[in-house]
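Please look through the structure shown here with the report below beside it. Each section takes up one topic, so that the text can be followed along the chains.

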Amino acid sequence: MDKIKSFADLKKKREELQSNLKLRESGDNVENMIQVKVAMGTCGIAAGAKATMEAIINECQKQNLDVVVTQTGCMGKCNAEPMVEVKKPGQDSVVFENLKADKVADFVAKNLK
Amino acid sequence: MANYKYHILICGGTGCHASQSAQIKENFVQILKEKNLENDVQIVGTGCFGFCEKGPIVKVLPDNTFYVQVKPEDVEEIINEHIVKGRKVERLLYVDPKTQEHKEDSKHMGFYKKQMRIALRNCGFINPENIEEYIARDGYKALASVLEQNDPEATIELLKKSGLRGRGGAGFPTAVKWSLCRPNKADQKYMICNADEGDPGAFMDRSILEGDPHSIIEAMAIGGFCIEATKGLIYIRAEYPLAIHRLQVAISQAREIGLLGKNILGSGFDFDIELRYGAGAFVCGEETALIHSMEGKRGEPTFKPPFPAVAGYMNKPSNVNNVETLANIPVIINRGWEWFSSIGTEKSKGTKVFALAGQINNVGLIEVPMGITLREVIYEIGGGIKGGKKFKAVQTGGPSGGCLTEKFLDTPIDYENLVAAGSMMGSGGMIVMDETSCMVSVAKFYLDFTVEESCGKCSPCRIGNKRLCEILGKITQGKGTMQDLEELKNLAAVIKDTALCGLGQTSPNPVLSTIDNFWDEYVAHVVDKKCPAGQCKALKQYVIDPEKCKGCTACARNCPVNAIHGTVKNPHEIDQSACIKCGTCYEKCKFNAISIK
């Protein structure tokens with residue numbers, strides 16, 4: 001790491017580094033954040049859930065959204081995989097079906113903002 | 001760049017380290033690599049989570065899953081189930097002892113609910129060997145703002161308003177200490193950190209140094225700036241190898257990026273830190289003894305004044321602060337004195353870290369707001385007494401403190417209340433005792449410790465404590481008299497009044513407080529020759545019930561001193577004069593015919 005020579009340097013460095021810990025800090029505040037759970041059973045993975053999850057994380061990061069993305073097991077409706085559950089604070093959760101990676105940008109824009 | 005979906009935190013405190021947490025970490029790294037997941041999961045070795053009872057702890061984020069008592073061979077299952085398939089490994093979750101429910105995350109555990117982490121804010125959260133993670137958590141922000149503001153008086157004033165008091169035991173206001181040292185001019189002044197944690201059973205300072213060493217470095221630099229010291233010294237006992245290692249790493253990282261050394265952050269302020277190792281003598285926690293030990297002299301206290309603020313290390317003005325005190329300082333500066341002084345009681349602000357130990361379900365490290373009651377600490381955080389036994393007393397303040405009984409369970413914990421109750425805050429050891437603890441033996445245990453640790457300089461401590469210990473020994477042997485009890489009281493009072501330093505002045509406290517609170521128990525030892533808790537070996541008597549004895553000879557065959565006589569199929573008898581009370585017969589008897597009286 002480079003030398004930190006001034007107050008401004010330190011501030012800049014801190015802002016750069018903060019995003020590394022964002023995921024960890026969100027653990028303390030999970031109930032108040034939008035939680036997205038990607039079903040990652042064998043069926044989900046076969047249907048492309050991994051790519052979906054990756055895309056959701058990237059999209060949220062790109063748009064700077066405070067969303068907690070985790071995975072969960074098979075949701076039971078295997079023919080509709082990849083399935084994604086969205087839980088907003090104080091609301092009932094909503095499950096999305098057939099959410100392939102190519103639909104993620106649209107999904108994020110409409111549901112997670 | 002790696003785009004982590006999970007962070008897995010593995011406790012690397014001394015406790016979990018001892019139960020193979022390093023191996024667990026290694027297994028995670030290796031198996032993740034085999035499965036090509038190393039870019040999805042970040043593995044972080046952290047400081048202590050506090051829940052040492054159930055270590056090693058592994059925490060998975062962002063879902064906050066808290067796995068307890070993880071073994072190296074469990075790692076593969078955690079990865080396969082939790083990371084790959086998103087299913088929590090049920091069998092490794094914490095089970096609430098009362099409801100038998102599996103608790104998924106730490107926030108729902110009674111152990112964490114009542115805690116408030118200020119000094120331990122980064123313990124169990126960041127990798128202590130990575131300065132970047134500390135900086136990301138507002139690390140060195142307080143130092144920067146203090147240097148930028150360039151008004152040491154204002155910083156001291158802020159600390160004064162916050163009400164921060166020394167966490168090493170006596171509770172002296174930190175800001176006052178700094179302002180006493182600041183005006184004393186000298187070519188060299190020293191900012192010293194007292195990391196000589198000596199109370200039996202206490203490990204708060206060690207955990208902070210292991211889990212968040214940068215917070216101490218930052219606070220020392222702030223202190224150095226305020227008292228105009230350019231050199232920092234940390235006095236740490238050599239028996240804390242992990243804490244020393246983490247400090248060394250942290251200091252070299254801070255130097256490397258210019259947060260220690262010349263012209264810090266372009267402010268013109270120079271500050272650097274060196275470590276000084278102690279040999280683990282209890283008396284060296286006393287500041288004058290500590291300074292002598294650092295100078296290479298015998299670790300003996302000297303009379304104050306002169307105070308270290310005037311003539312300390314190498315006869316130069318020095319300021320000594322405890323580890324936990326320092327750990328609070330950066331947060332106070334970042335969040336303001338108003339915030340800090342809103343926590344706690346009228347005269348004791350903020351939080352206190354306690355090392356919870358003894359006969360309690362959740363042994364570990366806790367940080368609670370001042371003013372919490374012992375009942376909350378013991379029954380809610382600590383999960384109650386082990387094995388459902390009855391609470392008897394809690395010892396606070398280590399060898400300088402005393403015992404608190406049931407009647408103090410609802411007293412709010414702060415400096416003043418503990419002293420009024422006949423104990424003291426001390427550095428934060430909290431040892432919980434149940435009904436099977438003999439209070440005379442407990443007092444004797446602490447006296448044994450002080451006798452061992454007395455430096456021998458003044459006679460009240462050197463000779464007086466030895467005598468106290470002998471009298472206590474006599475009582476536990478069943479040879480005490482009522483006059484001995486009077487003598488205990490008198491001698492204790494004299495030692496308290498006449499000893500040179502804090503060690504001697506407080507060493508009779510365990511005796512006085514047990515006499516106050518458990519007088520009946522002393523009398524039972526002396527008059528009835530009985531130990532109500534059944535702990536004092538010499539006062540135990542093993543007796544065979546002739547009704548129940550079948551004459552199987554198992555006891556007689558196993559008795560190491562041949563104290564049991566009798567013939568086959570006839571009741572046996574124990575010769576009390578020969579019996580050494582080892583308890584072998586009691587364990588060997590298959591018919592419950594032997595009882596302890």
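## Confidence of the model

Within chain B, the element with the lowest mean pLDDT is strand E6 (residues 102-103) of chain B, at 82, while helix H10 (residues 213-227) of chain B has the highest, at 97. This is a predicted model, and chain B as a whole averages a pLDDT of 92, with 100% of its residues scoring at least 70. For the model, the scores are ipTM 0.78 and pTM 0.87.

## Where the two chains touch

The contact between the chains draws on 27 residues from chain A and 26 residues from chain B. On the side of chain A that touches chain B, helix H1 (7-26) and strand E2 of chain A each supply at least two residues, and H1(A) gives the most, with 11 residues. Sorted by class, this side of chain A has 12 nonpolar, 10 polar and five charged residues.

## A sheet in chain B

Five strands of chain B form an open sheet in the order E12-E11-E15-E13-E14, and their pairing is mixed. At the edges are strand E12 (364-369) and strand E14 (402-405) of chain B, each of which pairs on one side only. From one strand to the next, the twist averages 30°. In general, the strands of a sheet pair through backbone hydrogen bonds, and they do so in either a parallel or an antiparallel way.

One pairing in this sheet can be followed residue by residue: strand E13 (residues 391-396) of chain B and strand E15 (residues 429-434) of chain B run antiparallel over five bridges, and B:Ala393 has B:Met433 as its bridge partner in E15(B). Helix H21 (residues 509-517) of chain B packs on the sheet, where it touches E13 and E14 of chain B, and its direction makes about 25° with that of E14(B).

## Cis peptide bonds in loops

A cis peptide bond joins A:Glu81 and A:Pro82, with omega about -5°, and A:Pro82 is found in the loop between strand E2 (67-72) and strand E3 (84-87) of chain A. In chain B, the peptide bond from B:Leu61 to B:Pro62 is also cis, with omega near 15°, and B:Pro62 lies in the loop between strand E3 (58-61) and strand E4 (65-67) of chain B.

## Asparagines with positive phi

A:Asn98, which is not a glycine, has a positive phi near 45°, and its place is in the loop between strand E4 (94-96) and helix H4 (104-111) of chain A. Is A:Asn98 buried or partly exposed? Because 13 other C-beta atoms lie within 10 Å, A:Asn98 is partly exposed.

In chain B, B:Asn263 has a positive phi of about 50°, although this residue is not a glycine either. B:Asn263 is found in the loop between helix H11 (241-256) and strand E9 (272-278) of chain B, and it counts as exposed because it has 11 C-beta neighbours inside 10 Å, where the cut-off for an exposed residue is 12 or fewer.

Notes: Residues numbered from 1 in each chain as written. Chains lettered and ligands numbered in written order. Predicted model: local features only at pLDDT ≥ 70, side-chain atom pairs only at ≥ 80, totals over all residues. Helix = DSSP H or I, 4+ residues; strand = E, 2+ residues; numbered from the N terminus. Buried ≥ 20, exposed ≤ 12 C-beta atoms within 10 Å, placed from the backbone. Contact = placed C-beta atoms within 7 Å. Nonpolar A, V, L, I, M, F, W, Y, C, P; charged D, E, K, R; others polar. Pairing = 2+ DSSP bridges. Axes fitted to C-alpha atoms, helices over the stretch in contact; angles between N-to-C directions. pLDDT = per-residue confidence, 0-100.
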